[in-house]
Amino acid sequence: DRAAILLSEDSSTTSSSSSNDDNDDIDDTNDIPPLEDASNYLEEALFFDGLQDEGVTFPENEKEHFYAHPKKSKSKHIRHVDRLYSKTWFIARDYYSLLKQNKDRVAPKLPMNPTGPIRDIGVFILTHRLTKSRGDIHSVTNVVGEQMALAQSEKHKSLSRISFLSQRELLVHCMEKWSESESDKKRATSDDLSRTVGLLFDERLKDDIRFAVGTKDPDNRLALDEWSGKRNSTFHQLHQMFIDKEIVVHMPESWLNNDAKDEVDNHVGPGTYDSLNYNPNNPERIAIAWSKEETKGLLTKVLLDYNKMMTNCAKNTGGGDGHPAVCSVWQQREMLDSVAYTKSQKSLYLSVVHMWDKKYEWALTKPVGSVPPDFAIDDGTTFDTGGGGRDLNASPLTANTRTTTSATRASKESTLIIQTIKTATEQRAKDTQIATKEMLKVFKSAVAGGAKDDDMAQTNKQVLLQDALDKTGDRIEKIEEQLENLNSEKRALDSIQDTPERLRKVRKVQGKIDLKQKLLETYEATL
């Protein structure tokens, strides 16, 4: 049951299974091997009956059509060479249904469309069955005794030729054809990702989290000297703990209560919470041959996903027009608020990450960068921008992204957005060269007509201000026009049939739209 798998926590996210009696309920024994599991086989009499299908030739009036179209078949028939087999089709269909029921264990990559698999199974039967004359059937040695008994039964005793095929041989073929490759098995699941983060908060790693998720400070000599060694040892320790099934990760208590269930079900749909069934101690996933680089890649994915979610969670908090969501400090928001910022059911595990992060004082987050150059408040006081300013609304840390292509792409996009904002901020200061209070004073003076002809300094500031306003307005109009063109392009793509090429183009256009939208928001703030 759920409570036995998703263990609650005390003061740590992990424990040793040998010291936790609750873990006795976790079944990590191997299942019956698929080849020994009777549920993977059809009833032998039914299967044997289908093996005796001798097929029929093409109908006379359709022969020319069939020969002209080598891949053409007939409904509920398997075509092989110049014959059509009906019984074989029904056996192949029943076997496909059997595989579909046990898909996860036997044939994970079995296509949902049955047409191709049924044909493949049927052709395999026809090409691998062993057909003997009745007088020679005793020479057959590689079939089960039950088929030999069926060959001599009342139902089949009139047949002059008998066909045999072990269902085990057919199952082996299907498992080889539709099994997962090693790379398929290592596609990250919520179990893998939640285990990775849970281990980070273990007592053995908690103090070194910064080496796993941070970037080195180029101004800190000691950090530079120890960074590479500490980073490597941290990831080595994380890897060793990840593949050790004796180390148990405990889910946050706040995830296991009814509030979490209600929040998730309200956000996604009834029954969603129960269907998730996260298990960071999944023995089948731990048993995979993970390398250190692959566990490092799992952490990279978590941090990239988490950073995107928390960007929305922290957006525009810390001030504003008085609305509670705006005036709140994001660190003080309820942990379950993060559920609303997950974009799909697959990313709901990020709410668990958020709960851990908050409990351990935001170990996965960092302050944002230094205050922009020439920043000033209304009294004209400027700030020292040599670094070190801490923002209460710091965004979560972006992961080191050298491990995967997708991570590198996401990092480049994030860097481009940050650089765009920085450039716009610097341009704003360069265009005006005056403090906020002076800008307001000059603007009010210009509106009131208070500028004197001989006050050249004041007039020059007015001209500079107006010029800056005009340039910013022009940039906004240009970006809005580009956005409209990109949205039109996306609408056109949305109207055509789904293909890999269309999806690639949609992702590319959407990326451009996101960047332009960020740029537009920056210039509107500047204006």
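**A lysine and its surroundings**

I shall start with Lys-292, which lies in helix α17. Please bear in mind throughout that this is a predicted model. Is Lys-292 buried, exposed or partly exposed? Its relative accessible area is 29%; because buried means under 20% and exposed means over 50%, Lys-292 counts as partly exposed.

Which residues does Lys-292 touch, once those up to four places away in sequence are set aside? They are Asn-232, Phe-235, His-236 and His-239. Phe-242 may also be considered: 50 residues separate it from Lys-292 in sequence, while the C-alpha to C-alpha distance is 9.5 Å.

The largest nonpolar core comprises 41 residues. Val-213, Trp-255, Tyr-278, Leu-299, Tyr-306 and Leu-364 have the most contacts inside it. Among the elements that give two or more residues to this core are α12 (221-242), β7 (247-249), α14 (258-267) and α17 (292-314). Helix α17 supplies the largest share, namely 7 residues.

Finally, the chain as a whole. There are 23 helices and 7 strands, and 39% of the 527 residues count as buried. Of the contacts with a separation of 6 or more, 71% join residues 24 or more positions apart. The accessible surface comes to about 30000 Å², and carbon and sulfur atoms account for 50% of that area.

Terms used:
Residues are numbered from 1 along each chain as its sequence is written. This is a predicted model: local features need pLDDT of at least 70, side-chain atom pairs count only at pLDDT 80 or more; totals for chains, interfaces and linings use all residues. Side-chain values use heavy atoms; hydrogens and water are left out. Helices (H or I, at least four residues) and strands (E, at least two) are DSSP runs, numbered from the N terminus. Buried means under 20% relative accessible area, exposed over 50%, partly exposed in between (1.4 Å probe, protein chains only). Contact means heavy atoms within 4.5 Å. Accessible areas come from the Shrake-Rupley method with a 1.4 Å probe; for residues, only the protein chains shown count as cover. A nonpolar core is a set of buried Ala, Val, Leu, Ile, Met, Phe, Trp, Tyr and Cys residues joined through side-chain atoms within 4.5 Å.
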